[in-house]
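Here is a friendly walk through one protein model. Have a look at the sequence and the 3D view first, and then read on.

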Amino acid sequence: MSDNLHNLYYYANVCHVCKTFGKELPLKRCSSCRMISYCGKVHQKQHWPQHKDLCKVLSDMLDQTNSTCIFGKCQNPCTKLWAKKKSNLMLLVQLKLGRRLEHYEEEMFKFPRVCSTCHDGQSAALKDCKFCPSANFCPLHKTDQIRHTSQCKALRLCFDLDIAGTLFERKSPRHVVPFHKEMAYLPRSIKDFILLYVNENKSLPMSSECQLLYNSEYLTRPLTVLYAIERLKFKIESAINIHVIGANMVEVDGLDIWEILLHWLPSLTTLTIVLIGPELMWGSVKPNVCNYCISKGMWVHIELRNMLYQDYVTSQWYEKPDFLIGYNMGIHECLELGSVKDTWTPCIKTLAEQNCPLVLTSYTLSEAIEEHKKLRIILGDTVTDLCCEINPFSSLRPHRDFETEGVFYQNQFITIYHDLCPASIFNDLKLTQ
Ligand SMILES: [Zn+2]
Ligand SMILES: [Zn+2]
Ligand SMILES: [Zn+2]
Ligand SMILES: [Zn+2]
Ligand SMILES: [Zn+2]
């Protein structure tokens, strides 16, 4: 693996440098911190300049506690408490280190080499899962491998996809979506859509399964919008302005894919997507469209605004949206509504003022329910969703989830609102404010 690509991600049971996994050769763990593995001296030496400052902090901590595992003796099978412990340790190490942890260094804490059941990392006799590089079992829990089978395939896929993603250049998929003259219904699922309309790039040596999963990661965004439009029976005119709220850099990857809307929606000729979020960069993009789109004068215009939604709405760049979508925004994570630091309440009130459909996606059903509750607390009990369910157009690519110890998928659940605040109620609100 060339350059520093090996530092893009970390898995407990692979050589950190060449990502060798599953071969018969036993990996050697860094003898000071015991948190990172290599296939041999050569790769350990190669990584040492990047690892040494963190290693020093970790081995000092181990010396102080006279322990062989940074997580100490505490064996906490409770997933929630275990996640909290990992987060706290990450913060502590970051403080001692005097810098932010790199992404792969965070993963050393999020996905450490510990028993999958009791989280014991001290046992010298931990057995590695042979199929995925993300599970280990202590002598007490070696029979739990059977229970792990259900997660094992997804965890292995995470690894294969990370490898494929660093070896091959990722591009938004080339699609062959025909121009629809009449409003058409979507296929049943994102998988069906890909099989029907996406041209697999045969020249890539990536397995067709990996390609399909990668493609779904791009397609989930426009297809979730199309699905919501279908569910809402939303009438599309010749132009539509979609605000993507709480957007981040993940959503900036593969903007070309939005052209699908021009092909799918019969009357649409001008598509404006405004991505708004404080983590974004600033700018505008005019993605490439096909020759037919060019000949018909159809175009996609994308704007990136790095600001909070409530600030965007009062800025000179604001244009009224026809449709709002927030991908995995994590509204459920805001605990103290109404506190000084709470930026969600003004954001959600501003969303309601837009008087147009709103779509929210989330990783789990409980998150979706929690977010719906938050909206009702902020806006009142009149807020009613059209649906809150599994999204048939969620991504199919699994990501490791350190909080649940399983995997998550982008946009797995979808909540659709016709309007957060029907006009009459909105007027009443204004009067009472
Ligand atoms: Zn190696
Ligand atoms: Zn080390
Ligand atoms: Zn155990
Ligand atoms: Zn496994
Ligand atoms: Zn086109």
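Two strands count as paired if DSSP finds at least two bridges between them. Helices (H or I, at least four residues) and strands (E, at least two) are themselves DSSP runs, numbered from the N terminus. Before we use these terms, a word on the model: it is predicted, so local features need pLDDT of at least 70 and side-chain atom pairs count only at pLDDT 80 or more, while totals for chains, interfaces and linings use all residues. Residues are numbered from 1 along each chain as its sequence is written, and chains are lettered from A and ligands numbered from 1 in the order in which they are written.

**The sheet**

Which order do the strands of the open sheet have? The 8 strands run β9-β10-β8-β7-β11-β12-β16-β13, with mixed pairing. At the edges are β9 and β13, each of which pairs on one side only. In general, strands of a sheet pair through backbone hydrogen bonds, either parallel or antiparallel. Here are some of the pairs:

| Strands | Sense | Bridges |
|---|---|---|
| β7 (residues 239–245) and β11 (residues 323–326) | parallel | 3 bridges |
| β8 (residues 270–276) and β10 (residues 299–305) | parallel | 7 bridges |
| β9 (residues 283–285) and β10 | antiparallel | 3 bridges |
| β12 (residues 358–362) and β16 | antiparallel | 5 bridges |
| β13 (residues 387–390) and β16 | antiparallel | 4 bridges |

**Strand β16**

Is β16 buried or exposed? A residue is buried if 20 or more other C-beta atoms lie within 10 Å of its own, with C-beta atoms placed from the backbone. In β16 (residues 413–417), 5 of the 5 residues are buried, so the strand is largely enclosed by the rest of the structure. Phe413, Thr415 and Tyr417 point one way, while Ile414 and Ile416 point the other way. Opposite Phe413 stands Ser362, and opposite Thr415 stands Cys388.

**Two helices that cross**

Axes are lines fitted to C-alpha atoms, for helices over the stretch in contact, and angles run from 0 to 180 degrees between N-to-C directions. The axes of α2 (residues 79–97) and α3 (residues 103–110) come within 9 Å and cross at roughly 140 degrees. That makes α2 oblique to α3; angles under 35 degrees count as roughly parallel, over 145 as roughly antiparallel, 65 to 115 as roughly perpendicular and the rest as oblique.

Technical notes
Buried ≥ 20, exposed ≤ 12 C-beta atoms within 10 Å, placed from the backbone.
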